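Open the model in your viewer and keep the selection tool at hand. The stops below go from the whole chain to single residues.

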Amino acid sequence: MIRMTLKLFAILLVLVGSLAITTLTVVDRNHYQNRAFYQEMNLRLDSLARAFELQPNADSLQIGWSRVNITPAQKVPLAGYGARDPKEMTGIHDSSYVRTVIFQKGEEKIAVVTADLLIIHPELSRAVLSGLPAGWSAEQIYFTASHTHSGQGGWAPGIVGGLFAGDFDAARIGFLALKMIESIQKAGDSLRPGEISVGELSVDDLVKNRLAKEKGIEDPWMKVIQLRKGAEKGILVFYSAHATCFGQDFSLLSGDFPARFNLLMESDSAITFSAYGASAVGSMGPEVVGTDQGQNAEKIAQELRQQVTLFSLLGAGYREVPALSSFRLSVSLPDPAFKISKHLALRPYLFKWAFGDYPHYVSVMIVGETIFVGMPCDFSGELAVPLYEKARNLGYQLIITSFNGDYAGYVIRDEWYDLPKYEARTMSWYGPYAGQYFTEIINRIIDTIDENYQTDTPDR
């Protein structure tokens with residue numbers, strides 16, 4: 001009997017060991033610069049530096065914008081919280097929109113597309129790009145989202161997609177893609193000669209470091225672009241606080257504080273159009289007090305509105321846009337590692353089965369002396385702050401946004417990679433040096449633009 005028990009135990013150990021070997025791997029902690037994916041990316045960045053050129057364009061700037069309602073006509077799942085159960089919405093708190101701003105100078109044009117959604121999932125961005133109107137290319141579309149955690153879901157296939165966005169429904173992709181394409185078309189139809197005013201304000205009382213708390217730093221910068229065409233005025237705003245005023249028990253469709261901010265701005269007789277996009281939201285949470293979720297969303301929206309009004313009063317001044325350009329840069333990454341402990345992770349084939357397997361890229365848009373970098377992730381505000389400072393010192397306004405139509409999880413400061421917290425343990429998929437790696441990519445993009453920008457303005 002003892003012999004049989006030992007034999008069964010041995011068989012069990014073999015089975016468990018075999019299962020572990022086939023499903024688990026050790027987290028690779030080799031420095032990113034010593035790995036093959038970096039050598040590939042290094043060559044790509046060097047090639048960009050040699051080939052990139054940005055020259056002034058004498059054509060006048062044209063600006064167009066549009067707002068298209070994407071509120072679902074039926075009950076759909078809400079996206080944002082894995083713990084939200086059930087996920088199906090019970091009603092509508094506020095309507096959802098996709099908003100597009102187009103900048104055009106001669107043959108050069110760019111569309112900034114933002115929506116009241118958690119993210120722009122790769123399946124959705126692919127559907128939009130495959131149906132673009134004639135004359136548009138993928139490189140000219142700059143996606144972002146408000147990152148509301150109470151927006152419509154159903155757009156993400158796979159097990160993990162279902163966990164965060166509810167059951168997948170291909171019809172959701174089709175509906176949202178058509179609405180985004182309609183928004184681009186309508187913005188294009190509204191193009192008129194225009195001008196912009198760009199700046200930033202520190203709004204540090206509305207954001208907190210939710211990952212590292214007092215050990216980390218916050219990204220307080222609200223980036224503002226005022227738009228003007230004829231008698232019409234618009235606003236484009238980016239901020240770092242997660243749109244999580246409404247929690248996992250909230251079951252109504254809502255764009256959270258960004259949607260309320262847009263509504264407040266558009267209720268002003270002087271403003272025709274307002275659009276909001278998530279900037280470097282990784283590790284950044286909303287600083288709120290009290291338990292009334294609606295009041296918290298209202299407070300943030302109202303203060304952001306006041307800050308925009310202050311920006312307008314300060315008179316940053318409308319300025320010439322000498323050049324316009326955009327491109328997408330493919331990003332090489334190591335095998336993904338979904339950690340189950342500090343040192344162990346699921347093997348890449350299991351990750352791709354659960355999360356999907358998509359190519360990764362960074363989006364870049366240059367509007368005069370304003371550089372937009374669209375990241376394929378929740379990019380940490382802690383990483384953004386020193387990059388903003390670098391750009392300022394070179395005479396540029398840098399705007400880093402998240403959710404560019406690709407998704408690679410969270411990119412946080414490397415110091416926090418081993419914290420037993422959601423952002424670090426569950427959502428940091430590309431190793432302990434992802435923060436340094438993506439920071440290097442952005443630094444080199446800024447350097448390439450600066451070294452090849454064939455114009456000088458009074459600010460530079």
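**Before you start**

This is a predicted model: local features need pLDDT of at least 70, side-chain atom pairs count only at pLDDT 80 or more, and totals for chains, interfaces and linings use all residues. Residues are numbered from 1 along each chain as its sequence is written, and side-chain values use heavy atoms, with hydrogens and water left out.

**Stop 1: the whole chain**

Helices (H or I, at least four residues) and strands (E, at least two) are DSSP runs, numbered from the N terminus. Along the principal axes, the C-alpha atoms fill a box of roughly 90 × 55 × 45 Å.

Now colour by accessibility. Of the 460 residues, 57% are buried. Buried means under 20% relative accessible area, exposed over 50%, and partly exposed in between (1.4 Å probe, protein chains only).

Switch to a surface. The chain exposes about 18,800 Å², and carbon and sulfur atoms supply 54% of it. These areas come from the Shrake-Rupley method with a 1.4 Å probe; for residues, only the protein chains shown count as cover.

Among contacts between residues at least 6 apart in sequence, 81% join residues at least 24 apart.

Colour by charge. The chain carries 42 positive and 51 negative side chains, and the centres of the two sets lie 6 Å apart. Lys and Arg count as positive and Asp and Glu as negative; His and the chain ends are not counted. Each charge is placed at NZ of Lys, CZ of Arg, CG of Asp or CD of Glu.

**Stop 2: helix α6**

Select residues 256-266, helix α6. Of its 11 residues, 8 are buried, so this helix is largely enclosed by the rest of the structure. The buried ones are D256, F257, P258, A259, F261, N262, L264 and M265. What covers them? Show β5 (97-105), β13 (232-239), β15 (273-278) and α7 (293-314), which are among the covering elements.

Stay on D256, in α6. D256 has a relative accessible area of 2%. Its phi is positive, about 60°, although D256 is not a glycine.

**Stop 3**

Go to S283, in the loop between β15 and β16 (284-286). S283 also has a positive phi, about 70°, and is not a glycine. Its relative accessible area is 0%, so S283 is buried.

Next, select D85 and P86. The peptide bond from D85 to P86 is cis, with omega near 0°. P86 sits in the loop between β3 (78-79) and β4 (91-92).

**Stop 3: N404**

Centre on N404, in the loop between β22 (397-401) and β23 (410-411). Is N404 buried or exposed? Buried, at 1% relative accessible area. Display its side chain. It makes a polar contact with the side chain of S363 at 3.4 Å. The side chain of N404 also reaches the backbone oxygen of G374 at 3.1 Å. A polar contact is a pair of N or O atoms within 3.5 Å; within protein, one must be able to donate a hydrogen and the other to accept it, and residues adjacent in sequence count only if both atoms are side-chain atoms. Leaving aside neighbours within four places in sequence, N404 is in contact with F143, Y361, V362, S363, G374, M375 and P376.

**Stop 4: S428**

Move to S428, in the loop between α10 (422-426) and α11 (434-452). S428 is buried, at 4% relative accessible area. Its side chain reaches the backbone oxygen of E423 at 2.7 Å. Beyond neighbours within four places in sequence, S428 is in contact with A337, K339, Y410, I412, Y417 and E423.

**Stop 6**

Select R50 in helix α2 (residues 36-51). R50 is exposed, at 66% relative accessible area. Finish at N393 in helix α9 (residues 381-394). N393 is exposed, at 60% relative accessibility.

Terms used
Contact = heavy atoms within 4.5 Å.
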